[in-house]
Amino acid sequence: MKMKIFDAILGSFIGGFVTAFCFGILSWFVAYNMDPGPGMNPGPCWGCAHLAAVVAGFPGFVLGLPLGFVISFLNRGLVPGTFLGLALGVIMLILAMQQGGHPDFSVRNPLVLASLPAGILSGFFTALILTLLSRLDDSAKPNRRK
């Protein structure tokens, strides 16, 4: 029982950190390559990219905690983890679109659309890490034959 609780807590934090990393990296990449808009110098937007990574990383961590928790309890493999990540990306997309109709949070915004691949990648990598950890845990246990 203690091990199951430890696995759930560890899975939650792994899911949180992996999801924050995926959402932050993809948001940074999208913001870095976006056109800064009229009246601004064309080219990469360094400051916007760092801000987008931090802003996307925090809700990614918060939404990744339950993702890691669910994946650690299901422990069914990479495909269900990927689909759970896709569901997380859709939830993030819906939450971003519910920001009072602000035009910056429309579906046409690449930063908003980056939540779908970020969710998919976070579900996949969370499931991958948890699967590898469970295999390491199983191989570390001594074999007892009766």
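A residue counts as buried when its relative accessible area is under 20%, as exposed when that area is over 50%, and as partly exposed in between. Keep that in mind as we walk through this structure, which is a predicted model. Of the 146 residues in the protein chain, 34% count as buried.

Let's begin with the overall layout. The chain has 5 helices and 0 strands, so to read along the sequence is to follow the pattern α-α-α-α-α. Among contacts with a separation of 6 or more, 76% are between residues 24 or more positions apart.

Now for the inside. In soluble globular proteins, nonpolar side chains tend to be buried together. Here, the largest nonpolar core has 13 residues, and Phe23 and Ile71 are the ones that touch the most other members. Four helices each supply at least two residues of this core: H1 (2-33), H2 (46-74), H3 (78-97) and H5 (115-140). H1 gives the most, with 5 residues.

Phe6, Leu10, Leu121, Phe125, Ile129, Leu133 and Leu136 make a nonpolar surface patch of about 570 Å². H1 and H5 are the elements that give two or more residues to the patch, and H5 has the largest share, with 5 residues. Take Phe125, which sits in helix H5. Its relative accessibility is 36%, so Phe125 counts as partly exposed.

Finally, have a look at the aromatic rings. A pair of them is described by the distance of the centres and the angle of the planes. The count here comes to 5 aromatic pairs. In one of them, Phe69 and Phe73 have ring centres 5.0 Å apart and planes at 85°; since an angle over 60 degrees counts as edge-to-face, that is what this pair is. Why are these two separated by about one helical turn? Because Phe69 and Phe73 are 4 residues apart in helix H2. Phe69 has a relative accessible area of 37%, so it is partly exposed; Phe73, at 41% relative accessibility, counts as partly exposed too. Elsewhere, ring pairs link Phe13, Phe17 and Phe61 into a cluster.

Notes. Residues numbered from 1 in each chain as written. Predicted model: local features only at pLDDT ≥ 70, side-chain atom pairs only at ≥ 80, totals over all residues. Heavy atoms only, no water. Core = buried A, V, L, I, M, F, W, Y, C linked by side-chain atoms within 4.5 Å. Buried < 20%, exposed > 50% of the residue type's maximum accessible area, 1.4 Å probe, protein only. Patch = residues over 30% accessible without salt bridge, like charges linked within 9 Å, V, L, I, M, F, W, Y side chains within 5 Å. Areas by Shrake-Rupley, 256 points an atom, 1.4 Å probe, with all protein chains shown as cover. Salt bridge = Lys/Arg side-chain N within 4 Å of Asp/Glu carboxyl O. Contact = heavy atoms within 4.5 Å. Phe/Tyr/Trp six-rings, centres within 6.5 Å; stacked < 30°, edge-to-face > 60°.
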